[in-house]
Amino acid sequence: RRPPRSTLFPYTTLFRSRLAGGPRPLAVCIGPVTAEAARRAGLEVAAEAAPHTEEGLVEALVRALARG
């Protein structure tokens, strides 16, 4: 099955090529479609925005960083 369409897709090739053999980056996603695409690309989703807005994304990032 094809992954959901997301703006994440073009970046997954970049992540794989630059981080091959290194630590897996964490993802903070704006919504469930992007979160699913990130998981399918092999990224660990640290947080998902709620609400699915720019402000929600910033809040999700702050939460993820606070957890370490």
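Me: How many helices and strands does the protein chain have?
Reply: The protein chain has 3 helices and 2 strands. Helices are DSSP runs of H or I with at least four residues, strands are runs of E with at least two, and both are numbered from the N terminus.

Me: What pattern do they follow along the sequence?
Reply: The order reads α-β-α-β-α.

Me: What kind of model is this?
Reply: This is a predicted model; local features need pLDDT of at least 70, side-chain atom pairs count only at pLDDT 80 or more, and totals for chains, interfaces and linings use all residues. Numbering starts from 1 along each chain as its sequence is written, and side-chain values use heavy atoms, with hydrogens and water left out.

Me: What pLDDT does the protein chain average?
Reply: The average is 81, and 66% of the residues score at least 70. pLDDT is the predictor's confidence in each residue, from 0 to 100.

Me: Which element has the lowest mean, and which the highest?
Reply: Helix α1 (residues 9-19) has the lowest mean pLDDT, 63. Helix α3 (residues 54-67) has the highest, 95.

Me: On to the strands. In which sense do β1 and β2 pair, parallel or antiparallel?
Reply: Parallel, over 4 bridges. β1 covers residues 26-29 and β2 covers residues 44-48. Strands count as paired if DSSP finds at least two bridges between them.

Me: Which residue in β2 is the bridge partner of Leu-26?
Reply: Glu-44.

Me: And what do β1, α2 and β2 make together?
Reply: They make a right-handed β-α-β unit, with α2 spanning residues 32-40. Right-handed means that, with the strands pointing away from the viewer, the path from the first strand over the helix to the second runs clockwise.

Me: How many salt bridges in the whole structure?
Reply: The search finds 1. The criterion is a side-chain nitrogen of Lys or Arg within 4 Å of a carboxyl oxygen of Asp or Glu.

Me: Which residue does Glu-36 pair with?
Reply: Arg-40, with the closest N and O atoms 3.0 Å apart.

Me: How much of the protein chain is buried?
Reply: Buried residues make up 26% of its 68 residues.

Me: Now α3. Which residues are buried there?
Reply: Gly-56, Ala-60 and Ala-64. Seen down the helix axis, the buried residues of α3 fall within an arc of 75°, so they line one face. That arc is taken from the directions from the helix axis to the C-beta atoms.

Me: And which are exposed on the other side?
Reply: Glu-54, Glu-55, Val-58, Val-62, Leu-65 and Ala-66. Glu-54 has 64% relative accessibility, and Leu-65 has 61%.

Me: How far is Glu-54 from Ile-30?
Reply: They are 7.5 Å apart, C-alpha to C-alpha, and 24 residues apart in sequence.

Me: Last one. Where is the cis peptide bond?
Reply: It joins Ala-50 and Pro-51, with omega about 10°. Pro-51 lies in the loop between β2 and α3.

Technical notes
Buried < 20%, exposed > 50% of the residue type's maximum accessible area, 1.4 Å probe, protein only.
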